[in-house]
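User: I am new to this structure and would like to go through it step by step. Could you take me through it, starting with the terms?

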Amino acid sequence: MGKIVHGECECGYSNDFTVGGARSQPKGWSRFPVLCRSCGKASDNDLDDAEATCHHCGGIDLLPYSDSSLSSEVGRGSIGPWSSDEKNCKQLRFNEASYYCPRCKKMCMQFLIVCFFD
Ligand SMILES: [Zn+2]
Ligand SMILES: [Zn+2]
């Protein structure tokens, strides 16, 4: 089951990210928001794809938003589980925290679940 999450920040930044994937899609099972350390922009990428590249610049230096360096309050009530790979039970979670905003570069972005799809 996939989810659409909406990231938004008080600076006006907003973007939708896909988490997980639809069963009908053979690829893209493990989509998750990532920050590109080459260009500083966020996108969603397949974490299980070793050749995944940034949608914006094609860079390969991608950091998932589950990384503790991208959130300000880790572990304060997760709204997961955000399973990225149900077969391997590898779970990625968002916490109810503020996340690094790729526009204003402050820990001010929030993630909200918008919808689920299958
Ligand atoms: Zn990039
Ligand atoms: Zn911002």
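Analyst: A nonpolar core is a set of buried Ala, Val, Leu, Ile, Met, Phe, Trp, Tyr and Cys residues joined through C-beta atoms within 7 Å. A residue is buried if 20 or more other C-beta atoms lie within 10 Å of its own, exposed if 12 or fewer, and partly exposed in between, with C-beta atoms placed from the backbone. This is a predicted model, in which local features need pLDDT of at least 70, side-chain atom pairs count only at pLDDT 80 or more, and totals for chains, interfaces and linings use all residues. Residues are numbered from 1 along each chain as its sequence is written, while chains are lettered from A and ligands numbered from 1 in the order in which they are written.

User: What is the mean pLDDT of the protein chain?

Analyst: The mean is 78, and 73% of the residues reach 70 or more; pLDDT is the predictor's confidence in each residue, from 0 to 100. Over residues 76–92 the pLDDT is below 50, although this stretch has 35 contacts in the model beyond near neighbours in sequence. Two residues are in contact if their C-beta atoms, placed from the backbone, lie within 7 Å.

User: How should a low value be treated?

Analyst: Where pLDDT is low, the predicted coordinates should not be read in detail.

User: How many helices and strands are there?

Analyst: The protein chain has zero helices and nine strands. Helices (H or I, at least four residues) and strands (E, at least two) are DSSP runs, numbered from the N terminus.

User: Which strands make up the open sheet of four?

Analyst: Its order is β2-β1-β9-β8, with antiparallel pairing. β2 and β8 stand at the edges, each with a single partner strand, so one side of each is left without a neighbour in the sheet. Two strands pair if DSSP finds at least two bridges between them.

User: How many bridges join β1 to β9?

Analyst: Eight bridges join these antiparallel strands, and V5 has I113 as its bridge partner in β9. β1 also pairs with β2 in the antiparallel sense, over six bridges; there V5 stands opposite F17, and E8 stands opposite S14.

User: What lies between the strands in the hairpins?

Analyst: The hairpin of β1 and β2 has four residues between the strands, and G12 takes a positive phi near 105°. In the hairpin of β8 and β9 there are six residues between the strands, and K105 takes a positive phi near 65°. Two bridges join β8 to β9, and Y100 stands opposite M107.

User: Changing topic, what is the order of the three-strand sheet?

Analyst: That open sheet runs β4-β3-β5 with antiparallel pairing. Its edge strands are β4 (42–46) and β5 (62–64), each pairing on one side only. Three bridges join β3 to β5, and C36 has L62 as its bridge partner in β5.

User: And which residues of the largest nonpolar core touch the most other members?

Analyst: They are V34, L35, Y65, L70, Y99, Y100 and M109, out of 18 residues in this core. β1 (2–9), β2 (14–19), β3 (31–36), β8 (99–100) and β9 (107–117) each supply at least two of its residues. The largest share, four residues, comes from β3.

User: What does Y65 touch?

Analyst: Not counting residues up to four places away in sequence, Y65 touches F32, P33, V34, L35, L70 and Y99.

User: What share of the chain is buried?

Analyst: Buried residues make up 30% of the 118 residues in the protein chain.
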